[in-house]
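Thanks for asking me to look over this one. My notes follow as numbered points, with the definitions placed where they are needed.

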There are 2 protein chains.
Amino acid sequence: MLIYPGMTALDLVGPEQVFGYLGNVHIELVAKTKDLVRSDTAVSIQPTKTFADCADPVDILFVGGGAEGTVAVMKDAETLDFLSRKAKTAKLVTSVCTGSMILGAAGLLRGYKATSHWSVRDFLPLLGAELVVNRVVEDRNRITSGGITAGIDFGLRVAAQLRGEDYARFLELALEYDPQPPYGTGTPEKAPPAVQKMSRGAFDPLRTAVREAALEARKKWAS
Amino acid sequence: MLIYPGMTALDLVGPEQVFGYLGNVHIELVAKTKDLVRSDTAVSIQPTKTFADCADPVDILFVGGGAEGTVAVMKDAETLDFLSRKAKTAKLVTSVCTGSMILGAAGLLRGYKATSHWSVRDFLPLLGAELVVNRVVEDRNRITSGGITAGIDFGLRVAAQLRGEDYARFLELALEYDPQPPYGTGTPEKAPPAVQKMSRGAFDPLRTAVREAALEARKKWAS
């Protein structure tokens, strides 16, 4: 599981908590260096491996999302190269939220169906992917997910692949995953106009930055 | 937000992510010392304050849950004393999952309605609380929540108190919180018999340890 400055901690911790309870999975949190990684909130997480000492091959490659930090990684040759190398032999190449923009910038979603956080998912075709609007999208060994909280649904679906459906059902119970969103405004379609307007203001700068980073990434593949 | 060895990272990160996006909240992750805090999975989180240098008063006191680590905190006089002192002046005293067992052990739920992770919530009356089976339970300035993923619902409800309902609706959208639990087995009542049986085996040792710690805590109040 890649970690990087500015990541959204919940993108990582949702599925990590599920994988951690599987019992048959060894998790490493991999970063460029062993320095603490500050998320986009107050949480800072300790890497357990660096790119240099990460196991090879890995079974599951995972990338979570974020905002400015994610755009920086979309432009970072060292991280994109690390992901490309690991993806060659990984059994599953996966993401939550804007993590799919990083996979896409590494060229790893070309020709695949994929999804992302609703605010930027329409840019997936710029990265050679076919956008499918679903909470979790599987295409061959690529599994991409919607924004932030979709990581829990993603984690449980992967859990079923790794340890069977009964164990995944047990984990859904262990996590008491019987969600009660207070407002029912969790997708743009379900949000009232005032909230949609608030969102456009909040996410427009990220959209501009992601689009620009996606166009840059494409240029590199072409050259 | 208290952090301690063996905590369930998702109990913390669910609400922390929401609070972090509010913009008008200053978050500190408080532990006994500045040593990295290892969760019950691979995630280790850096405290930002110690008990000694934590602000006084705090507006919101928060305690997440866990398993063995939580039972250890239920018996730890230094942590219980810290929580009791902070609770005296906090505007909100809150928990997710078995975090309410820690609040309870500190005597902070006596005479309050409260909830907890389903596996141990029936022990709340041992700690002087009245069990209410709900995802989030508010009683005066105590807000307790169900297991692990209930922290997201809790976070959004507190967000509405801190910055209004429209902003909370916006955050529900920003988190793309339109959950799709793959199995619908997130409560004991909804779980099929095979999963219930699996759960009893998995949670019985925790139940025994929590009950014993609750009985010990009561003795201290009496003396």
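**Notes on the model**

1. Across the interface of chain B and chain A the rule finds two salt bridges, a salt bridge being a side-chain nitrogen of Lys or Arg within 4 Å of a carboxyl oxygen of Asp or Glu. At the contact, the side chains of Asp178(A) and Lys190(B) form a salt bridge, with 2.7 Å from N to O. Over all chains, the structure holds 28 salt bridges.

2. A word on conventions before going further. This is a predicted model, in which local features need pLDDT of at least 70 and side-chain atom pairs count only at pLDDT 80 or more, while totals for chains, interfaces and linings use all residues; side-chain values use heavy atoms, with hydrogens and water left out. Residues are numbered from 1 along each chain as its sequence is written, and chains are lettered from A and ligands numbered from 1 in the order in which they are written.

3. How many residues does each chain bring to the contact? Chain A gives 66 residues and chain B gives 66 residues, where contact means heavy atoms within 4.5 Å. About 5700 Å² is buried between chain B and chain A, and carbon and sulfur atoms give 65% of that area; buried area is the accessible area (1.4 Å probe) that two parts lose on being put together, summed over both. On the chain B side, Leu173(B), Glu176(B) and Tyr183(B) lose the most area to chain A, together 14% of what that side buries.

4. The polar part of the interface comes next. The rule finds 44 residue pairs in polar contact between chain B and chain A, with both residues at pLDDT 80 or more. A polar contact is a pair of N or O atoms within 3.5 Å; within protein, one must be able to donate a hydrogen and the other to accept it, and residues adjacent in sequence count only if both atoms are side-chain atoms. Several elements of chain B give two or more residues to the side that touches chain A, namely helices H1 (9–20), H5 (150–163), H6 (165–174) and H7 (193–222) and strand S3 (44–45). Helices (H or I, at least four residues) and strands (E, at least two) are DSSP runs, numbered from the N terminus. H6(B) gives the most to this side, with nine residues. By class, the side of chain B that touches chain A has 34 nonpolar, 19 polar and 13 charged residues; Ala, Val, Leu, Ile, Met, Phe, Trp, Tyr, Cys and Pro count as nonpolar, Asp, Glu, Lys and Arg as charged, and the others, Gly among them, as polar.

5. Now to chain A itself. Four strands form an open sheet in the order S5-S6-S10-S9 (chain A), with mixed pairing; two strands pair if DSSP finds at least two bridges between them. Strand S5 (60–63) and strand S9 (136–139) of chain A each have a single partner strand and stand at the edges, so one side of each is left without a neighbour in the sheet. S9(A) and S10(A) (residues 142–145) run antiparallel and are joined by four bridges, and Val136(A) stands opposite Ser145(A) in S10(A).

6. The side chains of Arg135(A) and Asp153(A) meet at 2.3 Å, N to O. This pair links distant parts of the chain, 18 residues apart: Arg135(A) is in the loop between strand S8 (130–131) and S9 of chain A, and Asp153(A) is in helix H5 of chain A.

7. Chain B has an open sheet of four strands as well, ordered S5-S6-S10-S9 (chain B) with mixed pairing. Strands S6 (residues 92–95) and S10 (residues 142–145) of chain B pair in the parallel sense over three bridges, and Thr94(B) stands opposite Ile143(B) in S10(B).

8. Finally, some backbone details to check. Most residues other than glycine have a negative phi, and most peptide bonds are trans. Asp56(A) and Pro57(A) are joined by a cis peptide bond, with omega about 0°, and Pro57(A) lies in the loop between strand S4 (49–50) and S5 of chain A. The bond from Asp56(B) to Pro57(B) is cis, with omega near 0°. Cys97(B), a residue other than glycine, has a positive phi near 60°.
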